[in-house]
Amino acid sequence: MSDLSPHQASESILSDLRASLASLEAISLPAEAMEYVESAYQSIDRLSSHLSSWEARVEQTQQESVLDRARFISIMTHELRLPMTSIKGYTDLLRQGAAGPVNEQQLSFLTVIRNNIDRMTALISDLSDIARMDSGRLKVEILPLSLMNHLDKALKELHPILQEKGHLLKVEIPETIPPVLSDPNRLVQILSNLIRNACMYTPENGLIRIQAAEDNGRVRLEVSDNGIGIKPGDLERLFTPFFRSDDVVVREQQGWGLGLYVVSRLVEAMGGNLGVKSEAGKGSTFWFTLPAASVGSSP
């Protein structure tokens, strides 16, 4: 019973009651008693009907709630994009000395502002993606794509982070890997997110390894690190929205707990699977699969 929905559990109980009434019919009962049995049958049928109507109303309310939330997030992110872009642009101009020389302390303050703007921009982007996915408005263009080409794009964006932390990067992708069926921008987004996570949670001068292999019509890519790893209790909630571990090292890193959730939804939208293997203190391996395309053109 614990694995059943409330409606299923109720129907199971009503079914047991019907069976009990049926067993009463099998024995000889006075006419007056049989009237009570028939009345009980009618009451069960009415209750079952009410349960079905209730379940339908609850489902409708939940769907409307999801759509309302998606609309609110869509409006909010749209209204925030323009001022955030303006603040970012003026901050960069000030840092470059466009309004006059800036001293070291002023530059430090402006850098803090710029970093927080980047955090807010990432949050707005993630919330916008979630709203589109929840409302069914997420559009993906599935094409045969070169995994290596799109990995190069992701690594180009992340080069400053890798360089700053002194990580050793090893890319082991065979030339025989077929193209994958995916959306170009979303594929780069998935790769960037997983590699950025590996950078963030791996101490300086760590090792990040990227591997890929073909398996039964699918391509599997792994991003491994020798970082802090993930506690067993955190693994279960890792792909839920706004989850962040209470680990001190994790809390030191900036983030909103949405990146992996967005990645999981995107991989699912493109017909793939996502997973993780990890041990606290010994590093993590995040992997995802995508359908392989026939060898041919691969942008």
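**View 1. The largest nonpolar core of this predicted model has 43 residues.** Look for L187, I190, L194, I195, L221, V223 and F288, which are the residues with the most contacts inside this core. Several elements give two or more residues to the core: the helices α3 (104–134), α4 (147–165), α5 (184–200) and α8 (259–269), together with the strands β4 (207–215), β5 (218–225) and β7 (283–291). Among these elements, α5 gives the most, with eight residues. In soluble globular proteins, nonpolar side chains tend to be buried together.

**View 2. Here we zoom in on I195 and the residues it touches.** Leaving out residues up to four places away in sequence, I195 touches L151, L155, L158, I210 and V223. I195 and V223 are also both listed among the residues with the most contacts inside the largest nonpolar core.

View 3. Is H167 buried or exposed? H167 counts as buried because its relative accessibility is 10%, and buried means under 20%. Setting aside neighbours within four places in sequence, you can find L162, C199, T202, P203, E204, N205, G206 and I208 in contact with H167. For T202, look at the backbone oxygen: it lies 3.4 Å from a polar atom of the H167 side chain.

**View 4. Stepping back, the whole protein chain shows eight helices and seven strands.** Of its 299 residues, 35% count as buried. The chain exposes about 17800 Å², and carbon and sulfur atoms supply 54% of that area. Among contacts with a separation of 6 or more, 71% come from residues 24 or more positions apart.

Notes
Residues numbered from 1 in each chain as written. Predicted model: local features only at pLDDT ≥ 70, side-chain atom pairs only at ≥ 80, totals over all residues. Heavy atoms only, no water. Core = buried A, V, L, I, M, F, W, Y, C linked by side-chain atoms within 4.5 Å. Buried < 20%, exposed > 50% of the residue type's maximum accessible area, 1.4 Å probe, protein only. Helix = DSSP H or I, 4+ residues; strand = E, 2+ residues; numbered from the N terminus. Contact = heavy atoms within 4.5 Å. Polar contact = N/O pair within 3.5 Å; in protein donor to acceptor, adjacent residues only side chain to side chain. Areas by Shrake-Rupley, 256 points an atom, 1.4 Å probe, with all protein chains shown as cover.
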